[in-house]
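Here is a short briefing on one protein model. Look at the sequence and the structure first, then read the points by topic.

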Amino acid sequence: SEENRAFNVISMDEYLEEEGLKGHLVNKVTGQVEFPPENRTNWDGINQQDYDLLRGYLRNVSLTARWNPGQCLPAFPSSGRH
């Protein structure tokens with residue numbers, strides 16, 4: 001993928017380090033800070049059990065908006081100069 005100054009893409013590892021381990025992610029139900037499972041940030045090459053663990057964590061602390069791509073599509077600027 002090509003870098004775009006208008007849209008910053010980060011890895012899951014970086015997201016979990018910068019947001020999860022620093023206590024910026026809050027469980028939507030309890031309102032309490034929730035850290036990544038086992039404070040783990042590298043989930044490369046995981047098995048199904050680990051995938052389910054990570055997915056459950058992300059669903060607990062992330063907005064999971066209902067989205068129908070047949071009715072709504074995202075759009076991103078082609079450059080950072082807008």
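Helices here are DSSP runs of H or I with at least four residues, numbered from the N terminus. The model is predicted. With that numbering, Val 26 sits in the loop between helix H1 (12-20) and H2.

**The nonpolar core**
- Seven residues make up the largest nonpolar core: Leu 16, Leu 25, Trp 43, Leu 54, Tyr 57, Leu 58 and Val 61.
- Helix H2 (residues 48-61) gives the most to this core, namely four residues.
- In soluble globular proteins, nonpolar side chains tend to be buried together.
- Take Leu 58, one of the core residues. Setting aside neighbours within four places in sequence, Leu 58 is in contact with Met 12, Tyr 15 and Leu 16.

**The surface patch**
- Leu 21, Val 26, Val 33 and Phe 35 form a nonpolar surface patch of about 300 Å².
- Is Val 26 buried, partly exposed or exposed? Its relative accessible area is 35%, so Val 26 is partly exposed. The partly exposed class lies between under 20% (buried) and over 50% (exposed).

**Thr 41 in the loop**
- Thr 41 lies in the loop between H1 and H2.
- Thr 41 has a relative accessible area of 15%, so this residue counts as buried.
- Which side chain does the side chain of Thr 41 meet in a polar contact? That partner is the side chain of Asp 13, at 2.8 Å.
- Leaving out neighbours within four places in sequence, Thr 41 is in contact with Asp 13, Leu 16, Glu 17 and Leu 21.

Definitions and conventions:
Residues are numbered from 1 along each chain as its sequence is written. This is a predicted model: local features need pLDDT of at least 70, side-chain atom pairs count only at pLDDT 80 or more; totals for chains, interfaces and linings use all residues. Side-chain values use heavy atoms; hydrogens and water are left out. A nonpolar core is a set of buried Ala, Val, Leu, Ile, Met, Phe, Trp, Tyr and Cys residues joined through side-chain atoms within 4.5 Å. Buried means under 20% relative accessible area, exposed over 50%, partly exposed in between (1.4 Å probe, protein chains only). Helices (H or I, at least four residues) and strands (E, at least two) are DSSP runs, numbered from the N terminus. Contact means heavy atoms within 4.5 Å. Patches are made of residues with over 30% relative accessible area and no salt bridge: like charges are joined within 9 Å, nonpolar side chains (Val, Leu, Ile, Met, Phe, Trp, Tyr) within 5 Å. Accessible areas come from the Shrake-Rupley method with a 1.4 Å probe; for residues, only the protein chains shown count as cover. A salt bridge is a side-chain nitrogen of Lys or Arg within 4 Å of a carboxyl oxygen of Asp or Glu. A polar contact is a pair of N or O atoms within 3.5 Å; within protein, one must be able to donate a hydrogen and the other to accept it, and residues adjacent in sequence count only if both atoms are side-chain atoms.
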